[in-house]
Amino acid sequence: MIEVTAGWYLSLAAVLFSIGLLGILVRRNALIMFMCVELMLNAVNLTFVAAGRALGNLEGQVAVFFVLVVAAAEVVVGLAIIVAIFRRRESASVDELATLRG
Amino acid sequence: MTFAQVLTPPSVGWIAIAPEIVLGVGAALILLFDVQYKPKRTHLGLATAAIVATAFAFAIVQYDRVQTLSQATADQAADFVATAFPFDAMIVLDANAVFGRFAMLLVTGLGLAAGWRLFERLGARAAEGLALMLLSATGFMFMASSTHLMMVFLGLEVGSIALYVLAGITRERTESDEAAIKYFLLGSVASAVFIYGVALTYAGSGSMNLLEIQGVLARNIFTRPAVLLIGIALMVVGMGFKVSAAPFHSWAPDVYQGAPGGIVGYMAAAAKIGGFAALIRILFTAFPDFISTWGPLVAGIAALSMLLGSTVALVQDDIRRMLGYSGVAHAGFILTGVVAGGAGTGEVWFYLGVYTVQLVGAFGVVAAVTGAATSGAGIDAFRGLSKRAPFLAATFTVLLLGMAGLPLTSGFVAKFGVFTEAWQAGYEWLVIVAVLASVIAFFFYLRVIVAMYMEEPVDEAVAPPGISVRASLALASLITIVIGIVPGPLLSLAGEASPL
(Lines give C-alpha, C1' and ligand atoms only; values in the text may rest on other atoms or scores of the structure.)
Protein backbone atom coordinates (compact mmCIF):
# COMPACT_ATOMS: atom_id res chain seq x y z
CA MET A 1 0.00 0.00 0.00
CA ILE A 2 1.45 3.32 -1.06
CA GLU A 3 1.05 6.14 1.40
CA VAL A 4 -0.42 9.27 -0.19
CA THR A 5 1.61 12.17 1.19
CA ALA A 6 1.15 15.92 0.81
CA GLY A 7 3.64 15.86 -2.03
CA TRP A 8 1.16 13.92 -4.17
CA TYR A 9 -1.50 16.53 -3.65
CA LEU A 10 0.93 19.34 -4.42
CA SER A 11 1.94 17.54 -7.62
CA LEU A 12 -1.69 17.01 -8.64
CA ALA A 13 -2.36 20.70 -8.00
CA ALA A 14 0.66 21.65 -10.11
CA VAL A 15 -0.64 19.47 -12.96
CA LEU A 16 -4.13 21.03 -12.70
CA PHE A 17 -2.63 24.51 -12.66
CA SER A 18 -0.55 23.73 -15.75
CA ILE A 19 -3.61 22.36 -17.59
CA GLY A 20 -5.44 25.60 -16.81
CA LEU A 21 -2.54 27.77 -17.97
CA LEU A 22 -2.15 25.70 -21.14
CA GLY A 23 -5.87 26.06 -21.80
CA ILE A 24 -5.60 29.85 -21.58
CA LEU A 25 -2.81 29.76 -24.14
CA VAL A 26 -4.41 27.43 -26.70
CA ARG A 27 -8.19 27.92 -26.46
CA ARG A 28 -9.80 30.88 -28.21
CA ASN A 29 -13.28 30.97 -26.71
CA ALA A 30 -13.57 33.55 -23.93
CA LEU A 31 -15.84 31.29 -21.87
CA ILE A 32 -13.46 28.32 -22.05
CA MET A 33 -10.50 30.59 -21.21
CA PHE A 34 -12.44 31.80 -18.23
CA MET A 35 -13.12 28.21 -17.10
CA CYS A 36 -9.38 27.57 -17.33
CA VAL A 37 -8.80 30.45 -14.88
CA GLU A 38 -11.25 28.79 -12.52
CA LEU A 39 -9.33 25.53 -12.86
CA MET A 40 -6.13 27.37 -11.92
CA LEU A 41 -7.81 28.85 -8.84
CA ASN A 42 -9.04 25.40 -7.78
CA ALA A 43 -5.51 24.04 -8.14
CA VAL A 44 -4.51 26.85 -5.76
CA ASN A 45 -7.24 25.73 -3.33
CA LEU A 46 -5.98 22.16 -3.41
CA THR A 47 -2.47 23.39 -2.66
CA PHE A 48 -3.73 25.43 0.28
CA VAL A 49 -5.71 22.56 1.76
CA ALA A 50 -2.94 19.99 1.32
CA ALA A 51 -0.30 22.33 2.74
CA GLY A 52 -2.53 23.32 5.64
CA ARG A 53 -3.16 19.67 6.48
CA ALA A 54 0.52 18.75 6.20
CA LEU A 55 1.63 21.72 8.32
CA GLY A 56 -1.14 21.11 10.85
CA ASN A 57 -2.29 24.75 10.78
CA LEU A 58 -5.64 26.19 9.90
CA GLU A 59 -4.49 29.16 7.84
CA GLY A 60 -4.43 27.14 4.63
CA GLN A 61 -7.98 25.86 5.11
CA VAL A 62 -9.29 29.36 5.81
CA ALA A 63 -7.49 30.76 2.77
CA VAL A 64 -9.66 28.58 0.53
CA PHE A 65 -12.77 30.53 1.56
CA PHE A 66 -11.17 33.80 0.54
CA VAL A 67 -10.04 32.39 -2.80
CA LEU A 68 -13.56 31.04 -3.42
CA VAL A 69 -15.15 34.42 -2.68
CA VAL A 70 -12.72 36.22 -4.95
CA ALA A 71 -13.37 33.65 -7.70
CA ALA A 72 -17.12 34.24 -7.35
CA ALA A 73 -16.63 38.01 -7.63
CA GLU A 74 -14.50 37.47 -10.74
CA VAL A 75 -17.23 35.28 -12.25
CA VAL A 76 -19.79 38.07 -11.79
CA VAL A 77 -17.70 40.69 -13.57
CA GLY A 78 -16.23 38.32 -16.14
CA LEU A 79 -19.53 36.84 -17.29
CA ALA A 80 -21.04 40.34 -17.50
CA ILE A 81 -18.23 41.46 -19.81
CA ILE A 82 -18.48 38.28 -21.92
CA VAL A 83 -22.28 38.68 -22.24
CA ALA A 84 -21.87 42.34 -23.24
CA ILE A 85 -19.42 41.32 -25.97
CA PHE A 86 -21.59 38.43 -27.14
CA ARG A 87 -24.64 40.70 -27.47
CA ARG A 88 -22.77 43.07 -29.74
CA ARG A 89 -20.81 40.57 -31.81
CA GLU A 90 -22.77 37.28 -31.61
CA SER A 91 -19.51 35.51 -30.82
CA ALA A 92 -17.34 34.83 -27.81
CA SER A 93 -14.15 34.08 -29.75
CA VAL A 94 -11.23 36.26 -28.76
CA ASP A 95 -9.79 35.97 -32.29
CA GLU A 96 -12.45 38.39 -33.50
CA LEU A 97 -11.40 40.90 -30.87
CA ALA A 98 -8.48 42.23 -32.87
CA THR A 99 -9.19 45.92 -33.33
CA LEU A 100 -6.53 46.79 -30.79
CA ARG A 101 -3.14 45.62 -31.98
CA GLY A 102 0.30 46.84 -32.98
CA MET B 1 -12.55 30.93 33.60
CA THR B 2 -15.05 33.32 32.12
CA PHE B 3 -15.87 33.68 28.49
CA ALA B 4 -14.12 37.06 28.27
CA GLN B 5 -10.88 35.53 29.52
CA VAL B 6 -10.94 32.79 26.90
CA LEU B 7 -11.68 35.12 24.03
CA THR B 8 -9.13 37.90 23.86
CA PRO B 9 -10.22 40.35 21.18
CA PRO B 10 -7.60 41.20 18.55
CA SER B 11 -5.97 44.60 18.79
CA VAL B 12 -7.97 46.96 16.62
CA GLY B 13 -6.21 50.08 15.42
CA TRP B 14 -8.75 51.93 13.36
CA ILE B 15 -6.34 54.74 12.54
CA ALA B 16 -4.19 52.25 10.59
CA ILE B 17 -6.98 51.71 8.04
CA ALA B 18 -8.82 55.03 8.38
CA PRO B 19 -8.15 56.22 4.77
CA GLU B 20 -9.36 52.88 3.38
CA ILE B 21 -12.50 53.04 5.52
CA VAL B 22 -13.22 56.58 4.30
CA LEU B 23 -12.87 55.55 0.64
CA GLY B 24 -14.84 52.31 0.99
CA VAL B 25 -17.71 53.83 2.97
CA GLY B 26 -17.63 56.88 0.69
CA ALA B 27 -18.07 54.67 -2.38
CA ALA B 28 -21.09 52.96 -0.80
CA LEU B 29 -22.62 56.31 0.23
CA ILE B 30 -22.20 57.72 -3.28
CA LEU B 31 -24.09 54.77 -4.76
CA LEU B 32 -26.86 55.02 -2.13
CA PHE B 33 -27.30 58.79 -2.45
CA ASP B 34 -27.40 58.47 -6.22
CA VAL B 35 -30.22 55.93 -6.05
CA GLN B 36 -32.22 57.85 -3.45
CA TYR B 37 -31.79 61.52 -4.32
CA LYS B 38 -30.57 61.64 -7.96
CA PRO B 39 -28.08 64.43 -7.20
CA LYS B 40 -26.43 66.53 -9.91
CA ARG B 41 -23.29 65.02 -11.41
CA THR B 42 -21.24 68.05 -10.37
CA HIS B 43 -22.29 67.49 -6.77
CA LEU B 44 -21.33 63.80 -7.00
CA GLY B 45 -17.93 64.81 -8.33
CA LEU B 46 -17.40 67.33 -5.55
CA ALA B 47 -18.47 64.72 -2.97
CA THR B 48 -15.95 62.25 -4.41
CA ALA B 49 -13.22 64.89 -4.27
CA ALA B 50 -14.16 65.60 -0.64
CA ILE B 51 -13.93 61.88 0.18
CA VAL B 52 -10.46 61.66 -1.37
CA ALA B 53 -9.40 64.81 0.52
CA THR B 54 -10.70 63.38 3.83
CA ALA B 55 -8.77 60.17 3.24
CA PHE B 56 -5.68 62.27 2.49
CA ALA B 57 -6.15 64.14 5.79
CA PHE B 58 -6.25 60.80 7.64
CA ALA B 59 -3.08 59.73 5.80
CA ILE B 60 -1.38 62.88 7.12
CA VAL B 61 -2.52 61.97 10.66
CA GLN B 62 -1.04 58.50 10.07
CA TYR B 63 2.24 60.07 8.94
CA ASP B 64 2.36 61.99 12.20
CA ARG B 65 1.65 58.77 14.12
CA VAL B 66 4.44 56.95 12.28
CA GLN B 67 6.86 59.77 13.16
CA THR B 68 5.91 59.40 16.85
CA LEU B 69 6.29 55.60 16.63
CA SER B 70 9.77 55.85 15.16
CA GLN B 71 10.90 57.64 18.34
CA ALA B 72 9.28 55.09 20.68
CA THR B 73 11.48 54.05 23.61
CA ALA B 74 11.98 50.53 24.93
CA ASP B 75 9.32 50.73 27.64
CA GLN B 76 6.77 51.70 24.97
CA ALA B 77 7.52 48.52 23.01
CA ALA B 78 4.18 46.84 23.70
CA ASP B 79 2.34 50.00 22.73
CA PHE B 80 4.45 50.19 19.56
CA VAL B 81 3.53 46.66 18.50
CA ALA B 82 -0.18 47.29 19.13
CA THR B 83 -0.16 50.53 17.11
CA ALA B 84 2.16 49.49 14.30
CA PHE B 85 0.74 45.99 13.77
CA PRO B 86 -3.00 46.11 14.42
CA PHE B 87 -5.50 43.40 13.43
CA ASP B 88 -3.24 40.54 14.56
CA ALA B 89 -0.38 41.92 12.45
CA MET B 90 -2.34 41.65 9.21
CA ILE B 91 -2.05 45.41 8.67
CA VAL B 92 1.04 47.50 9.31
CA LEU B 93 1.20 51.20 10.02
CA ASP B 94 4.61 52.25 8.70
CA ALA B 95 6.11 54.89 6.43
CA ASN B 96 5.93 52.54 3.44
CA ALA B 97 2.15 52.18 3.76
CA VAL B 98 1.65 55.90 4.38
CA PHE B 99 3.72 56.95 1.35
CA GLY B 100 1.75 54.46 -0.73
CA ARG B 101 -1.47 56.15 0.42
CA PHE B 102 -0.11 59.62 -0.39
CA ALA B 103 0.78 58.52 -3.93
CA MET B 104 -2.47 56.63 -4.44
CA LEU B 105 -4.73 59.45 -3.19
CA LEU B 106 -2.84 62.09 -5.18
CA VAL B 107 -3.27 60.00 -8.32
CA THR B 108 -6.97 59.42 -7.55
CA GLY B 109 -7.60 63.15 -7.09
CA LEU B 110 -5.70 64.08 -10.26
CA GLY B 111 -7.33 61.27 -12.24
CA LEU B 112 -10.80 62.33 -11.11
CA ALA B 113 -10.21 65.96 -12.11
CA ALA B 114 -8.44 65.16 -15.40
CA GLY B 115 -11.08 62.62 -16.45
CA TRP B 116 -14.12 64.54 -15.27
CA ARG B 117 -15.50 64.84 -18.80
CA LEU B 118 -15.92 61.05 -18.91
CA PHE B 119 -18.11 61.03 -15.80
CA GLU B 120 -20.25 63.79 -17.33
CA ARG B 121 -20.66 61.67 -20.45
CA LEU B 122 -21.65 58.59 -18.42
CA GLY B 123 -24.91 60.31 -17.51
CA ALA B 124 -26.92 58.35 -14.99
CA ARG B 125 -24.04 55.91 -14.51
CA ALA B 126 -21.60 58.57 -13.28
CA ALA B 127 -22.04 57.44 -9.67
CA GLU B 128 -21.08 53.87 -10.64
CA GLY B 129 -17.86 55.08 -12.22
CA LEU B 130 -16.97 57.26 -9.24
CA ALA B 131 -17.72 54.50 -6.74
CA LEU B 132 -15.64 51.98 -8.72
CA MET B 133 -12.76 54.46 -8.81
CA LEU B 134 -12.86 54.87 -5.02
CA LEU B 135 -13.15 51.10 -4.48
CA SER B 136 -10.15 50.33 -6.66
CA ALA B 137 -8.14 52.96 -4.76
CA THR B 138 -9.16 51.22 -1.51
CA GLY B 139 -7.91 47.87 -2.78
CA PHE B 140 -4.59 49.16 -4.04
CA MET B 141 -4.00 51.04 -0.77
CA PHE B 142 -4.48 47.78 1.13
CA MET B 143 -1.79 46.25 -1.07
CA ALA B 144 0.63 48.84 0.29
CA SER B 145 -0.34 48.40 3.92
CA SER B 146 -0.85 44.68 4.56
CA THR B 147 1.73 42.27 5.92
CA HIS B 148 -0.33 39.18 5.19
CA LEU B 149 -0.26 37.60 1.74
CA MET B 150 -3.99 36.80 1.80
CA MET B 151 -4.70 40.46 2.56
CA VAL B 152 -2.41 41.53 -0.30
CA PHE B 153 -4.37 39.20 -2.60
CA LEU B 154 -7.72 40.60 -1.46
CA GLY B 155 -6.49 44.17 -1.98
CA LEU B 156 -5.23 43.22 -5.42
CA GLU B 157 -8.59 41.72 -6.39
CA VAL B 158 -10.70 44.57 -4.97
CA GLY B 159 -8.58 47.00 -6.97
CA SER B 160 -8.32 44.93 -10.17
CA ILE B 161 -11.97 43.84 -10.46
CA ALA B 162 -13.07 47.48 -10.14
CA LEU B 163 -10.61 48.38 -12.91
CA TYR B 164 -11.94 45.62 -15.24
CA VAL B 165 -15.38 47.19 -15.00
CA LEU B 166 -14.03 50.73 -15.47
CA ALA B 167 -12.19 49.60 -18.63
CA GLY B 168 -15.52 48.70 -20.24
CA ILE B 169 -17.76 51.31 -18.67
CA THR B 170 -18.69 53.15 -21.89
CA ARG B 171 -21.34 51.31 -23.89
CA GLU B 172 -20.94 53.30 -27.08
CA ARG B 173 -17.65 52.07 -28.49
CA THR B 174 -16.67 48.48 -29.22
CA GLU B 175 -12.96 49.07 -28.50
CA SER B 176 -13.90 49.64 -24.87
CA ASP B 177 -15.41 46.17 -24.36
CA GLU B 178 -12.50 44.60 -26.22
CA ALA B 179 -10.13 46.35 -23.79
CA ALA B 180 -12.26 45.17 -20.85
CA ILE B 181 -12.22 41.48 -21.85
CA LYS B 182 -8.48 41.52 -22.57
CA TYR B 183 -7.75 43.21 -19.26
CA PHE B 184 -10.09 40.83 -17.45
CA LEU B 185 -8.75 37.57 -18.91
CA LEU B 186 -5.06 38.44 -18.56
CA GLY B 187 -5.62 40.13 -15.20
CA SER B 188 -7.36 37.11 -13.71
CA VAL B 189 -4.61 34.82 -15.00
CA ALA B 190 -2.11 37.12 -13.28
CA SER B 191 -4.12 36.96 -10.05
CA ALA B 192 -4.26 33.16 -10.25
CA VAL B 193 -0.49 33.00 -10.80
CA PHE B 194 0.08 35.32 -7.84
CA ILE B 195 -2.18 33.38 -5.47
CA TYR B 196 -0.55 30.09 -6.56
CA GLY B 197 2.75 31.70 -5.60
CA VAL B 198 1.21 32.57 -2.22
CA ALA B 199 -0.01 28.97 -1.76
CA LEU B 200 3.44 27.54 -2.55
CA THR B 201 5.13 30.07 -0.26
CA TYR B 202 2.74 28.96 2.46
CA ALA B 203 3.50 25.32 1.74
CA GLY B 204 7.22 26.03 1.84
CA SER B 205 7.41 28.27 4.89
CA GLY B 206 4.31 27.43 6.94
CA SER B 207 2.94 30.96 7.12
CA MET B 208 1.37 33.69 5.02
CA ASN B 209 2.39 36.52 7.32
CA LEU B 210 5.40 38.28 5.80
CA LEU B 211 7.01 38.99 9.19
CA GLU B 212 6.59 35.37 10.31
CA ILE B 213 7.96 34.10 6.98
CA GLN B 214 11.04 36.24 7.48
CA GLY B 215 11.41 34.89 11.02
CA VAL B 216 11.05 31.28 9.86
CA LEU B 217 13.56 31.77 7.05
CA ALA B 218 16.04 33.45 9.38
CA ARG B 219 15.83 30.62 11.94
CA ASN B 220 15.95 27.61 9.65
CA ILE B 221 18.25 26.45 6.92
CA PHE B 222 16.22 25.00 4.08
CA THR B 223 17.77 22.00 2.45
CA ARG B 224 15.09 21.73 -0.24
CA PRO B 225 13.65 25.22 -0.78
CA ALA B 226 12.33 24.44 -4.29
CA VAL B 227 8.65 24.93 -3.40
CA LEU B 228 9.42 28.23 -1.69
CA LEU B 229 11.58 29.49 -4.57
CA ILE B 230 8.90 28.66 -7.15
CA GLY B 231 6.42 30.47 -4.89
CA ILE B 232 8.56 33.64 -4.81
CA ALA B 233 9.06 33.51 -8.58
CA LEU B 234 5.31 33.13 -9.23
CA MET B 235 4.50 36.06 -6.94
CA VAL B 236 7.04 38.22 -8.80
CA VAL B 237 5.51 37.13 -12.13
CA GLY B 238 1.98 37.92 -10.90
CA MET B 239 2.99 41.40 -9.82
CA GLY B 240 4.95 41.79 -13.07
CA PHE B 241 1.66 41.34 -14.91
CA LYS B 242 -0.03 44.02 -12.80
CA VAL B 243 2.71 46.61 -13.32
CA SER B 244 2.96 45.64 -17.04
CA ALA B 245 6.59 44.54 -17.02
CA ALA B 246 7.82 42.56 -20.07
CA PRO B 247 7.27 39.74 -20.97
CA PHE B 248 3.90 40.02 -19.15
CA HIS B 249 2.95 43.36 -20.70
CA SER B 250 0.84 42.30 -23.69
CA TRP B 251 -2.43 43.60 -22.19
CA ALA B 252 -1.15 47.08 -21.37
CA PRO B 253 -1.02 48.77 -24.81
CA ASP B 254 -4.40 47.28 -25.82
CA VAL B 255 -6.09 48.37 -22.60
CA TYR B 256 -4.52 51.84 -22.64
CA GLN B 257 -5.71 52.28 -26.22
CA GLY B 258 -9.19 50.84 -25.83
CA ALA B 259 -10.36 51.92 -22.37
CA PRO B 260 -12.28 55.23 -22.04
CA GLY B 261 -9.84 58.15 -22.29
CA GLY B 262 -10.92 59.83 -19.08
CA ILE B 263 -10.12 56.89 -16.80
CA VAL B 264 -7.13 55.23 -18.45
CA GLY B 265 -4.52 57.46 -16.78
CA TYR B 266 -5.87 56.58 -13.35
CA MET B 267 -6.09 52.88 -14.27
CA ALA B 268 -2.49 52.74 -15.40
CA ALA B 269 -1.12 54.71 -12.46
CA ALA B 270 -3.16 52.96 -9.74
CA ALA B 271 -2.23 49.45 -10.90
CA LYS B 272 1.46 50.44 -10.97
CA ILE B 273 1.40 51.91 -7.45
CA GLY B 274 -0.46 48.90 -6.00
CA GLY B 275 1.72 46.33 -7.77
CA PHE B 276 5.03 47.93 -6.84
CA ALA B 277 3.92 48.63 -3.24
CA ALA B 278 3.10 44.94 -2.78
CA LEU B 279 6.28 43.82 -4.58
CA ILE B 280 8.43 46.02 -2.32
CA ARG B 281 6.63 44.80 0.77
CA ILE B 282 6.84 41.09 -0.14
CA LEU B 283 10.42 41.03 -1.37
CA PHE B 284 11.95 43.39 1.19
CA THR B 285 10.03 42.29 4.30
CA ALA B 286 9.77 38.53 3.83
CA PHE B 287 12.69 37.62 1.58
CA PRO B 288 15.55 40.10 2.16
CA ASP B 289 17.97 37.18 2.61
CA PHE B 290 16.94 35.62 -0.71
CA ILE B 291 18.04 38.68 -2.70
CA SER B 292 20.73 36.67 -4.49
CA THR B 293 17.90 34.44 -5.77
CA TRP B 294 15.20 36.93 -6.79
CA GLY B 295 17.62 39.75 -7.70
CA PRO B 296 18.71 38.24 -11.06
CA LEU B 297 15.08 37.37 -11.93
CA VAL B 298 13.93 40.94 -11.27
CA ALA B 299 16.97 42.31 -13.12
CA GLY B 300 16.16 40.17 -16.16
CA ILE B 301 12.54 41.35 -16.21
CA ALA B 302 13.74 44.95 -15.80
CA ALA B 303 16.22 44.75 -18.71
CA LEU B 304 13.68 43.11 -21.03
CA SER B 305 10.98 45.66 -20.09
CA MET B 306 13.22 48.65 -20.72
CA LEU B 307 14.54 47.45 -24.07
CA LEU B 308 11.23 46.10 -25.41
CA GLY B 309 9.13 49.00 -24.13
CA SER B 310 11.43 51.68 -25.54
CA THR B 311 11.97 50.13 -28.96
CA VAL B 312 8.37 49.10 -29.66
CA ALA B 313 7.11 52.52 -28.52
CA LEU B 314 9.20 54.07 -31.33
CA VAL B 315 6.98 52.64 -34.07
CA GLN B 316 3.56 53.39 -32.53
CA ASP B 317 1.27 55.83 -34.30
CA ASP B 318 -1.28 55.91 -31.50
CA ILE B 319 -0.27 58.15 -28.59
CA ARG B 320 -2.06 55.91 -26.09
CA ARG B 321 -0.26 52.77 -27.33
CA MET B 322 2.97 54.74 -27.22
CA LEU B 323 2.30 55.69 -23.59
CA GLY B 324 1.42 52.03 -22.93
CA TYR B 325 4.78 50.80 -24.21
CA SER B 326 6.54 53.66 -22.45
CA GLY B 327 4.77 52.40 -19.29
CA VAL B 328 6.40 48.99 -19.91
CA ALA B 329 9.78 50.72 -20.13
CA HIS B 330 9.10 52.70 -16.95
CA ALA B 331 8.14 49.50 -15.10
CA GLY B 332 11.62 48.30 -16.08
CA PHE B 333 13.26 51.49 -14.80
CA ILE B 334 11.47 51.14 -11.44
CA LEU B 335 12.48 47.46 -11.21
CA THR B 336 16.07 48.65 -11.71
CA GLY B 337 15.72 50.26 -8.28
CA VAL B 338 14.06 47.15 -6.81
CA VAL B 339 17.12 44.94 -7.51
CA ALA B 340 19.08 47.06 -5.02
CA GLY B 341 16.97 45.60 -2.20
CA GLY B 342 15.91 47.52 0.90
CA ALA B 343 18.45 50.30 0.25
CA GLY B 344 16.62 51.33 -2.92
CA THR B 345 13.13 51.66 -1.40
CA GLY B 346 13.25 55.46 -1.22
CA GLU B 347 14.36 55.81 -4.85
CA VAL B 348 11.71 53.34 -6.03
CA TRP B 349 8.95 55.24 -4.21
CA PHE B 350 10.27 58.57 -5.52
CA TYR B 351 10.24 57.24 -9.11
CA LEU B 352 6.79 55.74 -8.63
CA GLY B 353 5.40 58.98 -7.19
CA VAL B 354 6.68 61.33 -9.88
CA TYR B 355 6.03 58.93 -12.79
CA THR B 356 2.41 58.20 -11.87
CA VAL B 357 1.69 61.94 -11.60
CA GLN B 358 3.17 62.44 -15.09
CA LEU B 359 1.20 59.46 -16.40
CA VAL B 360 -2.16 60.74 -15.12
CA GLY B 361 -1.37 64.22 -16.47
CA ALA B 362 -0.32 62.90 -19.90
CA PHE B 363 -3.48 60.82 -20.28
CA GLY B 364 -5.43 63.86 -19.10
CA VAL B 365 -4.05 65.83 -22.06
CA VAL B 366 -4.83 62.93 -24.43
CA ALA B 367 -8.41 62.82 -23.12
CA ALA B 368 -8.77 66.60 -23.52
CA VAL B 369 -7.56 66.44 -27.13
CA THR B 370 -9.24 63.29 -28.44
CA GLY B 371 -12.24 62.88 -26.10
CA ALA B 372 -12.75 61.42 -22.64
CA ALA B 373 -15.16 58.63 -23.62
CA THR B 374 -13.47 57.40 -26.82
CA SER B 375 -10.79 54.84 -27.61
CA GLY B 376 -7.51 55.50 -29.39
CA ALA B 377 -5.57 58.69 -30.03
CA GLY B 378 -3.73 58.85 -33.37
CA ILE B 379 -0.70 61.11 -33.55
CA ASP B 380 -2.43 63.09 -36.34
CA ALA B 381 -4.77 64.64 -33.79
CA PHE B 382 -1.74 66.22 -32.10
CA ARG B 383 -0.19 67.87 -35.17
CA GLY B 384 0.09 71.61 -34.65
CA LEU B 385 -1.54 71.40 -31.24
CA SER B 386 0.54 74.38 -30.07
CA LYS B 387 -1.48 76.67 -32.34
CA ARG B 388 -4.88 75.18 -31.54
CA ALA B 389 -4.52 74.63 -27.80
CA PRO B 390 -1.31 76.20 -26.47
CA PHE B 391 -1.99 75.28 -22.85
CA LEU B 392 -2.51 71.57 -23.61
CA ALA B 393 0.56 71.49 -25.85
CA ALA B 394 2.71 73.16 -23.17
CA THR B 395 1.62 70.85 -20.34
CA PHE B 396 2.00 67.77 -22.56
CA THR B 397 5.53 68.88 -23.43
CA VAL B 398 6.48 69.30 -19.77
CA LEU B 399 5.00 65.90 -18.83
CA LEU B 400 6.61 64.06 -21.77
CA LEU B 401 10.00 65.64 -21.06
CA GLY B 402 9.55 64.59 -17.43
CA MET B 403 8.90 60.99 -18.53
CA ALA B 404 11.92 61.15 -20.83
CA GLY B 405 14.03 62.20 -17.84
CA LEU B 406 15.33 65.56 -19.05
CA PRO B 407 17.42 67.39 -16.41
CA LEU B 408 15.43 69.94 -14.36
CA THR B 409 12.38 67.68 -14.43
CA SER B 410 11.38 65.22 -11.73
CA GLY B 411 11.97 62.31 -14.13
CA PHE B 412 15.71 63.02 -14.24
CA VAL B 413 16.10 62.93 -10.45
CA ALA B 414 14.02 59.73 -10.33
CA LYS B 415 16.07 57.95 -13.03
CA PHE B 416 19.34 59.14 -11.49
CA GLY B 417 18.22 57.74 -8.12
CA VAL B 418 17.30 54.23 -9.24
CA PHE B 419 20.36 53.95 -11.54
CA THR B 420 22.67 54.93 -8.65
CA GLU B 421 21.11 52.32 -6.38
CA ALA B 422 21.39 49.56 -8.97
CA TRP B 423 25.03 50.51 -9.70
CA GLN B 424 25.94 50.39 -6.01
CA ALA B 425 24.22 47.01 -5.71
CA GLY B 426 26.57 45.64 -8.37
CA TYR B 427 24.21 45.62 -11.36
CA GLU B 428 26.45 47.71 -13.64
CA TRP B 429 25.21 45.93 -16.78
CA LEU B 430 21.61 46.74 -15.90
CA VAL B 431 22.43 50.45 -15.51
CA ILE B 432 24.11 50.46 -18.93
CA VAL B 433 20.99 48.85 -20.47
CA ALA B 434 18.83 51.39 -18.63
CA VAL B 435 20.80 54.39 -19.91
CA LEU B 436 20.61 53.01 -23.47
CA ALA B 437 16.87 52.51 -23.11
CA SER B 438 16.38 56.07 -21.82
CA VAL B 439 18.21 57.42 -24.86
CA ILE B 440 15.95 55.41 -27.20
CA ALA B 441 12.90 56.48 -25.18
CA PHE B 442 13.85 60.13 -25.71
CA PHE B 443 13.10 59.85 -29.43
CA PHE B 444 9.44 58.91 -29.24
CA TYR B 445 8.67 61.55 -26.65
CA LEU B 446 10.46 64.05 -28.89
CA ARG B 447 8.46 62.85 -31.90
CA VAL B 448 5.20 63.91 -30.23
CA ILE B 449 6.65 67.28 -29.19
CA VAL B 450 7.87 67.90 -32.75
CA ALA B 451 4.42 67.01 -34.09
CA MET B 452 2.80 69.48 -31.70
CA TYR B 453 5.15 72.41 -32.35
CA MET B 454 6.72 72.01 -35.81
CA GLU B 455 3.99 70.53 -37.99
CA GLU B 456 1.02 72.12 -39.72
CA PRO B 457 -2.16 72.01 -37.65
CA VAL B 458 -5.05 69.80 -38.69
CA ASP B 459 -8.39 71.52 -39.03
CA GLU B 460 -10.07 69.90 -36.05
CA ALA B 461 -10.67 72.41 -33.30
CA VAL B 462 -10.01 71.26 -29.74
CA ALA B 463 -12.82 71.92 -27.28
CA PRO B 464 -11.47 74.11 -24.47
CA PRO B 465 -10.82 71.95 -21.39
CA GLY B 466 -12.89 72.51 -18.27
CA ILE B 467 -11.60 74.14 -15.10
CA SER B 468 -10.96 70.81 -13.32
CA VAL B 469 -8.96 69.47 -16.27
CA ARG B 470 -6.90 72.65 -16.50
CA ALA B 471 -6.24 72.66 -12.75
CA SER B 472 -5.12 69.02 -12.66
CA LEU B 473 -2.89 69.36 -15.73
CA ALA B 474 -1.31 72.55 -14.33
CA LEU B 475 -0.73 70.81 -10.99
CA ALA B 476 0.85 67.73 -12.62
CA SER B 477 3.18 69.91 -14.74
CA LEU B 478 4.04 72.09 -11.75
CA ILE B 479 4.92 69.01 -9.65
CA THR B 480 7.11 67.73 -12.50
CA ILE B 481 9.07 71.00 -12.72
CA VAL B 482 9.24 71.91 -9.01
CA ILE B 483 10.34 68.41 -7.93
CA GLY B 484 12.90 68.50 -10.74
CA ILE B 485 14.45 71.71 -9.39
CA VAL B 486 13.97 71.10 -5.64
CA PRO B 487 13.85 67.32 -5.20
CA GLY B 488 15.15 67.37 -1.59
CA PRO B 489 11.90 67.35 0.42
CA LEU B 490 10.26 64.57 -1.60
CA LEU B 491 13.51 62.55 -1.65
CA SER B 492 13.73 62.65 2.13
CA LEU B 493 10.02 61.84 2.49
CA ALA B 494 10.37 58.84 0.14
CA GLY B 495 13.65 57.88 1.84
CA GLU B 496 11.79 57.30 5.10
CA ALA B 497 9.34 54.99 3.33
CA SER B 498 11.00 51.65 3.94
CA PRO B 499 8.84 48.77 5.17
CA LEU B 500 9.07 47.84 8.86
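1. How far apart are the mean positions of the 7 positive and 7 negative charges of chain A? They sit 9 Å apart. Keep in mind as you read on that this is a predicted model.

2. Now for the fold of chain A. You'll find 3 helices and 0 strands there, and from the N terminus on the elements simply go α-α-α. The radius of gyration of chain A comes to 17 Å, well over the 13 Å that the globule rule gives for 102 residues, so chain A is more spread out than a compact globule. If you'd like a box to picture, the C-alpha atoms take up roughly 55 × 25 × 25 Å along the principal axes.

3. A word on burial and contacts. Of the 102 residues in chain A, 36% are buried. Chain A exposes about 5800 Å², with carbon and sulfur atoms supplying 69% of that area. Among contacts in chain A with a separation of 6 or more, 54% come from residues 24 or more positions apart.

4. Which residues touch the most other members of the largest nonpolar core? They are A:Phe48, B:Phe287, B:Phe382 and B:Phe396, in a core of 213 residues. Helix α14 of chain B (residues 261–286) gives this core its largest share, 18 residues.

5. Have a look around B:Phe396. Setting aside neighbours within four places in sequence, B:Phe396 is in contact with B:Ile319, B:Ala362, B:Val365, B:Val366, B:Phe382, B:Val448 and B:Met452.

How values were computed: Residues numbered from 1 in each chain as written. Chains lettered and ligands numbered in written order. Predicted model: local features only at pLDDT ≥ 70, side-chain atom pairs only at ≥ 80, totals over all residues. Heavy atoms only, no water. Helix = DSSP H or I, 4+ residues; strand = E, 2+ residues; numbered from the N terminus. Rg over C-alpha atoms; globule rule 2.2 N^0.38 Å. Buried < 20%, exposed > 50% of the residue type's maximum accessible area, 1.4 Å probe, protein only. Contact = heavy atoms within 4.5 Å. Areas by Shrake-Rupley, 256 points an atom, 1.4 Å probe, with all protein chains shown as cover. Lys, Arg positive; Asp, Glu negative; His and termini not counted. Charge placed at Lys NZ, Arg CZ, Asp CG, Glu CD. Core = buried A, V, L, I, M, F, W, Y, C linked by side-chain atoms within 4.5 Å.
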